[in-house]
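Visitor: I'd like to go through a model with you. Can we start with the fold and then look inside?

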Amino acid sequence: MSDMKQENINSTRFDIPPELQNQVAITTLDKIYNWGRRSSVWPLMFGLACCAMEMICTAASRYDLARFGMEIMRPSPRQADLMIVSGTVTKKMIPQIVRLYNQMPEPKYVLAMGACASGGGPFKEGYNVVSGVDRYIPVDVYVPGCPPTPQALLHGLITLQRKIDAQSIKDARWYRKEEIAEIPIPIYGPDIIDPRQIEIIKQQTRRQPGANGSRRSRSAGIVGR
């Protein structure tokens with residue numbers, strides 16, 4: 001309510017009768033709309049690795065996410081507007097994360113919690129770990145640490161609130177006329193494949209047979225001799 005009180009103080013520059021200055025608050029639609037959203041962010045309830053323990057600790061009584069209106073962690077992506085990616089993102093898990101992100105309604109935000117979710121962490125360039133969840137879904141706030149403390153997560157959530165405060169209905173993507181396209185779900189097989197890079201993969205595979213074929217012909221000639 002501090003923002004509302006500040007607006008009420010600034011309203012003295014308008015022609016408001018003195019007897020109504022403590023009862024009327026003048027603000028903009030963007031500020032009242034963002035104030036309502038920032039005070040009722042509902043995170044998606046899931047965890048990936050050790051960072052999830054710190055996220056659970058942040059929601060407990062000592063740190064108390066209820067102070068920010070974020071204590072309602074929803075088990076369904078259709079009732080959540082904040083995805084906290086807490087932990088190591090493996091290639092087997094990234095298709096499920098993208099699917100959950102697509103099922104979340106707009107407006108929605110993503111917070112990468114920890115070094116693993118932000119850039120791969122100590123498992124970067126590993127055979128089974130994605131080097132950052134931002135390679136597949138857009139990330140709004142990064143919280144560093146391995147694992148980050150509950151205070152760091154709270155700071156990241158406050159940073160997200162400040163980002164929401166700065167948004168405008170005129171520029172918000174969820175109010176545009178064009179349809180928001182879903183992110184293609186990665187294909188998990190011998191390795192993870194991003195459907196947005198299929199054309200690049202096809203071009204590279206078309207070049208390889210010719211080179212391999214020439215090598216085979218040379219080796220065949222050597223064997224024949």
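Guide: What follows covers the fold, the nonpolar cores and the cysteines of this predicted model.

Visitor: How many helices and strands does the protein chain have?

Guide: There are 7 helices and 5 strands. Along the sequence, the pattern runs α-α-α-β-α-β-α-β-α-β-β-α.

Visitor: And what percentage of the residues is buried?

Guide: Of 225 residues, 34% count as buried. The chain exposes about 13800 Å², with carbon and sulfur atoms supplying 55% of that area.

Visitor: Which residues have the most contacts inside the largest nonpolar core?

Guide: Leu82, Leu111, Met113 and Leu157, in a core of 22 residues. At least two core residues come from each of α3 (51–59), β1 (82–86), β2 (109–113), β3 (141–143) and α6 (150–165). The largest share is that of α6, with 5 residues.

Visitor: What does Leu111 touch?

Guide: Leaving out residues up to four places away in sequence, its contacts include Leu82, Ile84, Val141, Val143, Leu153 and Leu157. There is also a second, separate core, which has 21 residues, among them Val89, Ile94, Ile97 and Val98.

Visitor: Changing topic: how many disulfides?

Guide: The structure holds 0.

Visitor: Why is Cys51 too far for a bond?

Guide: Because its closest cysteine sulfur, in Cys50, lies 4.9 Å from the sulfur of Cys51, while a disulfide needs the two sulfur atoms within 2.5 Å.

Visitor: Is Cys51 buried or exposed?

Guide: Cys51 is buried, at 6% relative accessibility. Cys57, with a relative accessible area of 32%, is partly exposed.

Technical notes:
Residues are numbered from 1 along each chain as its sequence is written. This is a predicted model: local features need pLDDT of at least 70, side-chain atom pairs count only at pLDDT 80 or more; totals for chains, interfaces and linings use all residues. Side-chain values use heavy atoms; hydrogens and water are left out. Buried means under 20% relative accessible area, exposed over 50%, partly exposed in between (1.4 Å probe, protein chains only). A nonpolar core is a set of buried Ala, Val, Leu, Ile, Met, Phe, Trp, Tyr and Cys residues joined through side-chain atoms within 4.5 Å. Helices (H or I, at least four residues) and strands (E, at least two) are DSSP runs, numbered from the N terminus. Contact means heavy atoms within 4.5 Å. Accessible areas come from the Shrake-Rupley method with a 1.4 Å probe; for residues, only the protein chains shown count as cover.
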